[in-house]
Amino acid sequence: MKPVKVGLLGLGTVGGGTATVLSRNAEEIARRAGRGIVIDYAAALDTSHATRLGLTRTRLSNNALDVVEDPEIEIIVELIGGYTIARDVVMKAIQSGKHVVTANKALIALHGNEIFAAAQANNVIVAFEAAVAGGIPIIKSLREGLAANHIEWLAGIINGTGNFILSEMREKNRAFDDVLAEAQTLGYAEADPTFDVEGIDAAHKLTILSSIAFGIPLQFEHTYVEGISRVTREDVANAAELGYRIKHLGIARRTGHGIEQRVHPTLVPSQRLMAHVNGVMNAVVVKGDAVGPTLYYGAGAGAEPTASAVVADIVDVVRAMTADPNNRVPHLAFQPSRLADTPILPIDAVETAFYLRMRANDRPGVLADITRILGDRGISIESLIQKDPELVDQDVDIIMLTQRVREGNMNEAVRAIEALDSICGRVTRIRVESLG
Ligand code: HSE
């Protein structure tokens, strides 16, 4: 059988990794796919390093549309990123009857509903394993391996750059900006690194995971997003003193009232495996009713780990190309006509425990005022540390862990505490999850 001709859009970190892996493992991949796979045509703004990537027999262009419109190409691999040009070329590829493999989480999270509907109408596959958690086959696991289960919740460290920054801050006491610059050099960070540090990248990925877990349309606009940019070295040290580590988690949970879909810094008990996922590694825990908790771990970013997922998708597409389109795995795991309209809960309605840090005057009655405000709103304190001031008459830091409380109630309590004369500045709060 003739090899399948692939069109590669983008020769950056992941595009380069994909070319390298496809060429290095060509024999092994062909044994799996049943046919050879060749990058016949590639497009990038700068194609000068194509030879270095081994693309010596590949046609090259600076225009992605040349590749998408080429009749020889059967699979388009979109590794451009973003959602302007990428969206146009993916839609054009689908309309021309070409299958698409993409690592573009932003595109899928924001425009996936429209893209999957077009793919279904045109009998083509859009595969996106590399969009979530780099090299970890989490889409396949959730969509196929756990198909028997009623998924209860999932929680993941799904941004390698953010995890790298938090790990280096904790282990080596390094400054935030310094570690971010290193993540950029290593090719982990997004083109706009605020997507990593403000949680947007993780929110894209969580939106995808939540849809596949619960069979709901993609709803990025309802995902609660908070990044790591306000996590201080002090909070990292306080968390350790209390027996926790701070991780940036994406959490999706089914409750009786709706679905929680949120990304934010989280205190995780230090004995949990998730607390020990460091550097650029990602991990996702999925709790299914039949299987119980399962854990998936691996490199969440980087050229070859992400290429591993891209190439696996290409192999899947090659195998499925001749299959009846009605028997393919649905894009969002559930049949498109059977997606549910379960609401996504606003963050005010979510219940978690909290870590609180505040600076207070060191005088009698201050702690009593704080605990009264919390008590009046039904918030129990689990533990409390008062830091000794370095100088006499200086203000003191008070650190608390609370029990679970509805976020709306905690917001009210924080506003009341901040209004006390004895409290200086804002109260820092970080959610706590036991992951039990
Ligand atoms: N910027 C992303 C990360 C790349 O750091 O996880 C992989 O999606």
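These exercises walk through a predicted model.

**Exercise 1. Domains**

Solution. 
- Start with domain 1, which is given as 4-135 + 303-338.
- Domain 2 covers 138-299.
- Domain 3 covers 348-432.
- The centres of domain 1 and domain 3, taken over C-alpha atoms, are separated by 50 Å.

**Exercise 2. A hairpin**

Do strand 11 and strand 12 pair in the parallel or the antiparallel sense, and over how many bridges?

Solution. 
- Locate the strands. Strand 11 spans residues 281-288, and strand 12 spans residues 292-299.
- Their pairing is antiparallel and runs over eight bridges.
- Find a facing pair: K287 lies opposite P293 in strand 12.
- Look at the link. Three residues lie between the two strands, which form a hairpin.

**Exercise 3. Helix 6 on helix 10**

Describe how helix 6 packs with helix 10.

Solution. 
- Two packed helices are described by the angle between their axes and by the distance between the axes.
- Helix 6 (residues 138-145) and helix 10 (residues 200-214) meet at about 15°, and their axes are 9 Å apart.
- Angles under 35 degrees count as roughly parallel. Helix 6 is therefore roughly parallel to helix 10.
- The crossing of helix 6 over helix 10 is left-handed.
- List the contact. Helix 6 supplies I138, I139, L142 and R143, while helix 10 supplies I208, L209, I212 and A213.
- Sort the residues by class: seven are nonpolar, none is polar and one is charged.

**Exercise 4. Helix 2 on helix 12**

Work through the packing of helix 2 with helix 12.

Solution. 
- Helix 2 (residues 26-33) and helix 12 (residues 303-320) pack at about 35°, with axes 9 Å apart.
- Helix 2 passes helix 12 in a right-handed crossing.
- I29, R32 and A33 of helix 2 touch V311, V315, V318 and R319 of helix 12 in this contact.
- By class, the contact has five nonpolar, no polar and two charged residues.

Terms used: Residues numbered from 1 in each chain as written. Predicted model: local features only at pLDDT ≥ 70, side-chain atom pairs only at ≥ 80, totals over all residues. Heavy atoms only, no water. Axes fitted to C-alpha atoms, helices over the stretch in contact; angles between N-to-C directions. Helix = DSSP H or I, 4+ residues; strand = E, 2+ residues; numbered from the N terminus. Parallel < 35°, antiparallel > 145°, perpendicular 65-115°, else oblique. Left-handed = near helix turned anticlockwise from the far one by under 90°. Contact = heavy atoms within 4.5 Å. Nonpolar A, V, L, I, M, F, W, Y, C, P; charged D, E, K, R; others polar. Domains from an automatic or database assignment. Pairing = 2+ DSSP bridges.
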